[in-house]
Amino acid sequence: MNKMFAIATVLASFAAATSAQAQSADAGAGAKIIAPLEISNVTDLYFGTIAPSTTVADSVVVLADGSRKCGPALTCLTADHTAAAFAVTGEADAFYTISLPNEIKIVNDKGTAMRVSDFNGSKDGGQLLKGEDSFTVGGTLDVGVRQEAGKYTGSFTVAVEYQ
């Protein structure tokens, strides 16, 4: 009986020693979710009505400020050109960056293409004062010699990302 009492005492002391050494603590967990960053197109990039040269390829540039420069070999007939305009919404006072494409093709209904490149933005990024901001984008249209007549269309993607 003394032997069993001694073994029980030893086991109880191990259990007491083990539980006396174990410690625990609680930690909090949390997250802050901000408003999603969203972009929408307000106005498309449009180069206007252009008469090509019969001998020389040239280009038309629409700058982010909306102004247009028509190459000397071309005749720009209308003043309805526009820079693309975008609206951005998201977390108030947050900063964001803008990514523009390198180049795209616009095509007419027969599949004839023209290249649009050198996209330029009114800014590289912005701040969402009161959760809103906007910017504009221009580009350069390459018009070939005797470019085929028709209405040319295409699209391009502009991305925004929180900083």
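Let's start with a term: a residue is buried under 20% relative accessible area, exposed over 50%, and partly exposed in between (1.4 Å probe, protein chains only). What you see above is a predicted model, where local features need pLDDT of at least 70, side-chain atom pairs count only at pLDDT 80 or more, and totals for chains, interfaces and linings use all residues. Residues are numbered from 1 along each chain as its sequence is written, and side-chain values use heavy atoms, leaving out hydrogens and water.

Now look at Arg115, which is partly exposed at 32% relative accessibility. Arg115 has a salt bridge (a side-chain nitrogen of Lys or Arg within 4 Å of a carboxyl oxygen of Asp or Glu) with Glu103, their closest N and O atoms 2.9 Å apart. Glu103 sits in strand E8 and Arg115 in strand E9, 12 residues apart; strands here are DSSP runs (E) of at least two residues, numbered from the N terminus. Arg115 also meets Asp142 in a salt bridge, 2.8 Å from N to O. Asp142 lies in strand E11, so this pair ties together parts that are 27 residues apart in sequence. Put together, Glu103, Arg115 and Asp142 make a network of salt bridges.

Elsewhere, Lys110 and Glu148 pair up in a salt bridge too, at 3.5 Å from N to O. Lys110 is exposed at 66%, while Glu148 is partly exposed at 26%.

Finally, find the disulfide (a pair of cysteine sulfur atoms within 2.5 Å). Cys70 and Cys76 form it, with their sulfur atoms 2.1 Å apart. The torsion about their S-S bond is about 90°, so the disulfide is right-handed.

Definitions and conventions: Helix = DSSP H or I, 4+ residues; strand = E, 2+ residues; numbered from the N terminus.
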